[in-house]
Amino acid sequence: MSAETTATSRSTRKPKGEGHERRAEILAAAERIFVEHGYEGATIRKIADEVGLSSTALYMHFADKGEILQEICKQTFTALLEANSAVVSEPSTPVERMRRMMRAYIDFGFDNPNAYRLVYMTRPLELREGAQDAAREMGGALFRSFQEVVEAAAAEGHVRGDPKATAQALWAGGHGVVSLIIAKPYFDWVERETLVDTLLEGLLAGLLKS
């Protein structure tokens with residue numbers, strides 16, 4: 001790092017502020033750095049510099065980068081679970097809930113690409129301790145909430161095959177479109193809404209009874 005860069009970094013150090021705001025800034029910066037450099041390549045120093053803090057000041061908010069990644073995973077799954085709960089609480093048929101839950105999941109991925117990459121596109125070996133636990137437990141709860149809606153649709157006679165297999169196929173399709181567009185933005189994709197609508201309607205037409 002050059003003297004000029006060091007001076008700039010120091011000059012942009014931020015005064016002490018509200019803890020919640022500063023933690024949010026750290027998490028947003030960490031998302032970008034984890035995606036750009038990978039977990040091993042990311043350092044507390046890089047994250048602190050991105051936020052305009054000293055490393056010492058960052059340690060006042062998080063013990064290490066593993067705790068930062070764990071918090072990103074927890075917040076991501078919490079947001080997705082809340083989106084599912086909002087859909088379930090609305091009066092509608094199970095089939096319509098399936099459609100809305102899938103749409104909420106896909107929209108979340110596009111709106112939060114860095115968090116989505118870390119939670120769903122990171123190799124298990126790179127998700128350390130607490131982050132693995134969050135992915136396993138909260139991610140499992142997220143899928144179960146979706147599977148329960150698929151099972152409700154099956155109980156009404158709308159699902160062609162096994163409800164669990166149907167739920168997994170639908171999730172795989174939704175994940176596929178999000179991960180491909182995030183990972184391959186240079187591809188000549190059709191308009192995103194058109195692609196998502198085509199995928200969802202095609203999956204539902206194939207897996208559900210009319």
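**Reading aromatic pairs, a core and a helix**

Author: Phe 143 is buried, because its relative accessible area is 15%, and buried means under 20%. Please keep in mind throughout that this is a predicted model.

Reader: Is Trp 171 buried, exposed or partly exposed?

Author: Trp 171 counts as partly exposed, at 37% relative accessibility.

Reader: How should I read a pair of aromatic rings, and how many aromatic pairs does the structure hold?

Author: In general, a pair of aromatic rings is described by the distance of the centres and the angle of the planes. The structure holds 8 aromatic pairs. In one of them, the ring centres of Tyr 105 and Tyr 116 are 5.8 Å apart and the planes stand at 70°, so this pair is edge-to-face. Tyr 105 belongs to helix H6 (residues 94-111) and Tyr 116 to helix H7 (residues 113-120), so the pair ties together parts that are 11 residues apart in sequence. Tyr 105 counts as buried at 9% relative accessibility, and Tyr 116 counts as buried at 1%.

Reader: What is the geometry of the pair formed by Phe 143 and Trp 171?

Author: That aromatic pair is tilted, with 5.5 Å from centre to centre and 45° between the planes. Since Phe 143 lies in helix H8 (residues 129-155) and Trp 171 in helix H9 (residues 163-183), the pair ties together parts that are 28 residues apart in sequence. Phe 143 and Trp 171 also belong, with Phe 77, Tyr 105, Tyr 116 and Tyr 120, to one aromatic cluster.

Reader: Which residues touch the most other members of the largest nonpolar core?

Author: The general idea is that in soluble globular proteins, nonpolar side chains tend to be buried together. Here the largest nonpolar core has 55 residues, and Phe 34, Ile 68 and Met 98 touch the most other members. If residues up to four places away in sequence are not counted, Ile 68 touches Ile 26, Leu 27, Ala 30, Phe 34, Ile 44, Ile 47, Leu 58 and Phe 62.

Reader: Which residues of H10 are buried, and which are exposed on the other side?

Author: In H10, the buried residues are Val 196, Leu 200, Leu 203 and Leu 204. They cover an arc of only 95° around the axis, which puts them on the same side of H10. Thr 198 and Ala 205 are exposed on the other side of H10, whereas the buried residues of this helix pack against H6 and H9.

Reader: Where does the charged end of Arg 192 sit?

Author: The charged end of Arg 192 sits over the ring of Phe 110, 4.1 Å from the ring's centre.

How values were computed: Residues are numbered from 1 along each chain as its sequence is written. This is a predicted model: local features need pLDDT of at least 70, side-chain atom pairs count only at pLDDT 80 or more; totals for chains, interfaces and linings use all residues. Side-chain values use heavy atoms; hydrogens and water are left out. A nonpolar core is a set of buried Ala, Val, Leu, Ile, Met, Phe, Trp, Tyr and Cys residues joined through side-chain atoms within 4.5 Å. Buried means under 20% relative accessible area, exposed over 50%, partly exposed in between (1.4 Å probe, protein chains only). Contact means heavy atoms within 4.5 Å. Rings of Phe, Tyr and Trp (its six-membered ring) pair if their centres lie within 6.5 Å; planes under 30 degrees apart count as stacked, over 60 as edge-to-face and the rest as tilted. Helices (H or I, at least four residues) and strands (E, at least two) are DSSP runs, numbered from the N terminus. A charge sits over a ring if NZ of Lys or CZ of Arg is within 6 Å of the ring centre and within 35 degrees of the ring normal. The arc is that of the directions from the helix axis to the C-beta atoms.
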